[in-house]
Amino acid sequence: PPGAPAIPTCQCVRLRASSVGLASLDARLGAAPDGSWGEQRACVPLVVLPPLAVQEATLVYPWLCAAHAEAHPLPLPSVSGGSGCVSWRVEQAGPQSAAAVASDRYLSVRGAGSVSLRATDVRAPQASA
């Protein structure tokens with residue numbers, strides 16, 4: 001409301017990690033000017049993970065007939081960084097795309113074409129590559 005004192009806001013969006021490892025965030029919120037609450041303090045432990053990165057950005061495999069492709073799924077690219085727990089999703093589907101399904105470690109493809117995948121850190125879903 002007009003004339004009311006400003007309410008303190010969280011500035012967490014301004015935090016930036018300078019290195020990988022453990023950290024703690026100590027926060028303090030001063031007492032309300034009208035005395036309705038006293039000073040508030042909190043300590044939040046943080047784990048700073050390395051960024052998620054796909055090692056082989058482009059993989060090319062020879063075309064296989066449907067029966068052979070079903071029997072021999074393709075290995076997914078290697079991933080580094082993050083929490084170590086990654087899920088895969090097929091991103092691109094179009095006229096030049098192959099039908100594909102990604103599991104935890106393999107890619108099953110039917111037909112010739114290209115496929116785009118996205119790796120997402122399961123424990124930090126905002127991190128993807």
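Before the details, a word on conventions: the model is predicted, so local features need pLDDT of at least 70 and side-chain atom pairs count only at pLDDT 80 or more, while totals for chains, interfaces and linings use all residues. Residues are numbered from 1 along each chain as its sequence is written, and side-chain values use heavy atoms, with hydrogens and water left out.

Let me start with the overall picture. The chain has one helix and nine strands, where helices (H or I, at least four residues) and strands (E, at least two) are DSSP runs numbered from the N terminus. Read from the N terminus, the order of these elements is β-β-β-α-β-β-β-β-β-β. Of the 129 residues in the chain, 14% are buried, and here buried means under 20% relative accessible area, exposed means over 50%, and partly exposed is in between, with a 1.4 Å probe and protein chains only. The chain exposes about 9,700 Å², of which carbon and sulfur atoms supply 57%; accessible areas come from the Shrake-Rupley method with a 1.4 Å probe, and for residues only the protein chains shown count as cover. If we take contacts, meaning heavy atoms within 4.5 Å, and keep those between residues at least 6 apart in sequence, 52% of them join residues at least 24 apart.

Which residues make up the largest nonpolar core? There are eight, namely L52, L74, L76, V86, W88, L107, V109 and A119, given that a nonpolar core is a set of buried Ala, Val, Leu, Ile, Met, Phe, Trp, Tyr and Cys residues joined through side-chain atoms within 4.5 Å. The elements that give two or more residues to this core are β6, residues 86–90, and β8, residues 106–110. As background, nonpolar side chains in soluble globular proteins tend to be buried together. T120 is found in strand β9, residues 117–121, and T120 counts as buried because its relative accessibility is 14%. Leaving out neighbours within four places in sequence, T120 is in contact with L52, C85, V86, S87, P125, A127 and S128.

P73 sits in the loop between α1, residues 66–71, and β4, residues 74–75, and at 35% relative accessibility P73 counts as partly exposed. P73 and S108 are 35 residues apart in sequence, yet their C-alpha atoms are 4.9 Å apart in space. Apart from neighbours within four places in sequence, P73 contacts Y106, L107 and S108.

The other two are in the loop between β5, residues 79–80, and β6, which holds G81 as well as G84. Are these glycines buried or exposed? G81 counts as partly exposed, at 27% relative accessibility, whereas G84 is exposed, with a relative accessible area of 65%. Beyond its neighbours within four places in sequence, G81 is in contact with P50, P51 and L52.

Now the charged side chains. How many salt bridges does a search of the whole structure find? It finds two, with a salt bridge taken as a side-chain nitrogen of Lys or Arg within 4 Å of a carboxyl oxygen of Asp or Glu. In one of them R28 pairs with E39, the closest N and O atoms being 3.1 Å apart. R28 lies in strand β1, residues 21–29, and E39 in the loop between β1 and β2, residues 40–48, so this pair ties together parts that are eleven residues apart in sequence. R41 and E39 also meet in a salt bridge, at 2.9 Å from N to O. Through shared partners, R28, E39 and R41 are joined into one network. In terms of accessibility, R28 is exposed at 52%, E39 is partly exposed at 41%, and R41 is exposed at 63%.

Finally, the nonpolar surface. L22, V47 and L49 form a nonpolar patch with about 320 Å² of accessible area together; patches are made of residues with over 30% relative accessible area and no salt bridge, like charges being joined within 9 Å and nonpolar side chains (Val, Leu, Ile, Met, Phe, Trp, Tyr) within 5 Å. V47, in strand β2, counts as exposed at 58% relative accessibility.
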